[in-house]
Amino acid sequence: MDNLDSLVTSVAGPSITRDLGGGQTLIQWLGAAYTIAMAAGLLIGGRLGDVFGRRRMFMIGMAGFTAMSLACALAPDAATLLTSRALQGLFGAVMIPQGLGMIKEMFPPKEAGTAFGVLGPVMGLSAVAGPILAGWLIGLDLFGWSWRAIFAINVPVGVCAGLAGLVLLPASRPGGGRLDLVGGAIASAAMVALIYPLIQGRELGWPFWTYLSMAGGLGLFGVFGVVERFRQRSGRSTLITPSLFAKPTFTAGLATGLMLFGALMGCSVVFALLAQVGLGYSPFKAGLATLAQALGMIVGFVVSRPLNVRLGRRLMFLGEAMTMAGFGGFALTLHLARDSIGIASMAPALGLLGVGMGFTMAPFFNIVLAGVDAREAGSASGALTSVQQLGGAFGIALLGTTFFHYLGTSAARTHIGAFRDAASTAMYLSAGLVLVAFALTFLLPRHAYNGQGQ
């Protein structure tokens with residue numbers, strides 16, 4: 001449900017803006033509101049399970065996520081939809097960490113690796129199903145609901161999952177302790193201060209305050225680190241174990257994740273706009289056009305799984321190189337195809353991009369976790385998951401703003417030519433983000449985490 005909802009609005013965005021208005025920035029905020037809220041909430045969400053019990057918080061998160069999905073489906077205007085999307089992300093942040101924690105509780109160590117290994121293909125299947133399902137539901141227009149059906153579909157799924165959770169999930173004892181609400185507030189403010197001007201700045205003409213806000217957001221992340229160290233020295237609870245920030249491998253891992261997930265999520269929004277608005281594809285056809293990338297990602301996950309331990313970060317280098325080649329190949333395809341761009345002509349580059357992403361993402365978490373101590377692994381996992389969501393919001397803001405900027409300066413060109421050039425620029429920028437990640441990968445541990453802090 002989480003992966004579907006983080007991806008479906010990339011296809012549904014044009015339909016939503018035609019219905020509710022809101023313009024270009026609404027398309028960016030549909031994804032960013034969800035991912036920012038998720039990123040901020042994940043820092044506290046995992047701790048909620050430790051304090052109050054994992055099954056209890058999972059059920060609360062599932063119920064809230066389902067209710068907010070219904071609120072999104074019924075939203076009468078853009079403001080209500082964005083508010084519901086943000087609350088959906090917050091409840092998702094309560095739900096998701098509990099599932100990971102319960103896997104550790106339910107399975108012995110020798111089986112836990114297999115259980116976690118199922119998550120990769122599930123993520124890949126979600127990447128396949130999300131855009132295609134969104135396009136199919138919009139095109140089907142059941143009961144005249146159009147895009148609203150992409151949120152309404154969560155309601156029966158959420159109800160069934162909630163009932164299954166009551167029957168199948170083991171009860172877990174509350175662990176006690178307190179929440180670091182101060183740290184959560186500072187981290188949340190830092191994320192909003194960084195992402196908000198990236199999305200709104202272009203429309204407002206980049207006033208001086210937008211640059212101050214972005215600088216302030218980066219500064220607040222530094223304040224967050226100082227506050228967490230102070231709380232630890234005072235014997236109070238923290239969101240992230242402060243000693244993690246003293247490990248260059250971990251901080252490099254956070255920066256690498258920011259670049260990689262930013263490129264992945266940002267390019268999905270750009271592609272949806274190119275396909276539907278530029279090429280005139282229906283939402284369903286636009287979803288089908290992503291099939292090559294999604295299938296490539298699944299192939300990358302499956303093929304890379306037995307290679308993770310043996311190749312370690314070398315597998316990431318290979319994946320990042322293929323991903324850059326995929327972005328560059330897609331941009332080149334747009335230039336060579338001129339005004340006759342089709343799904344078949346885009347498929348090879350998108351397939352290569354997907355395989356590269358699969359090779360890169362499959363070992364990413366385990367390699368970064370290899371650089372932390374066993375006692376820090378839980379906190380590090382939560383921080384990495386949060387950065388995954390923050391990277392998505394950052395990529396949507398950066399690449400979406402770049403796309404709309406170049407589209408706005410291409411008035412003298414043909415309609416398709418303007419979209420082609422704007423999308424090509426965004427793809428080259430995506431390749432640049434992955435290039436930064438490639439350089440940062442040299443700072444990561446050589447081998448993957450083996451589940452014992454090594």
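## Aromatic pairs, nonpolar cores and a pocket

Trp29, Tyr196 and Trp209 are joined into a cluster by ring pairs. The model is a predicted one, and the aromatic pairs in it number 12. One of these pairs is formed by Phe403 and Phe404, with an edge-to-face arrangement, a centre-to-centre distance of 5.6 Å and 70 degrees between the planes. Both Phe403 and Phe404 are buried.

Phe403 also belongs to the largest nonpolar core, where Ile195, Phe250, Phe327, Phe330, Met346 and Phe403 have the most contacts inside the core. Helix H11 supplies the largest share of this core. Leaving aside residues up to four places away in sequence, Phe403 touches Val270, Leu273, Phe419, Ala422 and Ala423. Another core lies apart from the largest one, and its members include Ala78, Ala149, Ile150 and Phe151.

| Nonpolar core | Size | Residues, among them |
|---|---|---|
| Largest core | 92 residues | Ile195, Phe250, Phe327 |
| Another core, apart from it | 20 residues | Ala78, Ala149, Ile150 |

The second largest pocket has a volume of about 490 Å³. Its lining comprises 19 residues, of which Phe221, Leu254, Leu258, Val387 and Leu390 are the closest to the centre of the pocket. Helices H9 (181-204), H10 (208-233), H11 (248-278) and H17 (377-408) are the elements that each contribute two or more residues to this lining. H17 gives the most, with five residues. Divided by class, the lining contains 16 nonpolar residues and three polar ones, while charged residues are absent.

Definitions and conventions
Residues are numbered from 1 along each chain as its sequence is written. This is a predicted model: local features need pLDDT of at least 70, side-chain atom pairs count only at pLDDT 80 or more; totals for chains, interfaces and linings use all residues. Side-chain values use heavy atoms; hydrogens and water are left out. On a 1 Å grid over the protein atoms alone, a cavity is a set of points where a 1.4 Å probe fits but cannot get out, and a pocket is an open set with protein on both sides within 12 Å along at least five of seven lines; lining residues have an atom within 4 Å of a point. Grid points are joined across faces, edges and corners, and a volume is the space filled by probe spheres set on the points. Helices (H or I, at least four residues) and strands (E, at least two) are DSSP runs, numbered from the N terminus. Ala, Val, Leu, Ile, Met, Phe, Trp, Tyr, Cys and Pro count as nonpolar, Asp, Glu, Lys and Arg as charged, and the others, Gly among them, as polar. A nonpolar core is a set of buried Ala, Val, Leu, Ile, Met, Phe, Trp, Tyr and Cys residues joined through side-chain atoms within 4.5 Å. Buried means under 20% relative accessible area, exposed over 50%, partly exposed in between (1.4 Å probe, protein chains only). Contact means heavy atoms within 4.5 Å. Rings of Phe, Tyr and Trp (its six-membered ring) pair if their centres lie within 6.5 Å; planes under 30 degrees apart count as stacked, over 60 as edge-to-face and the rest as tilted.
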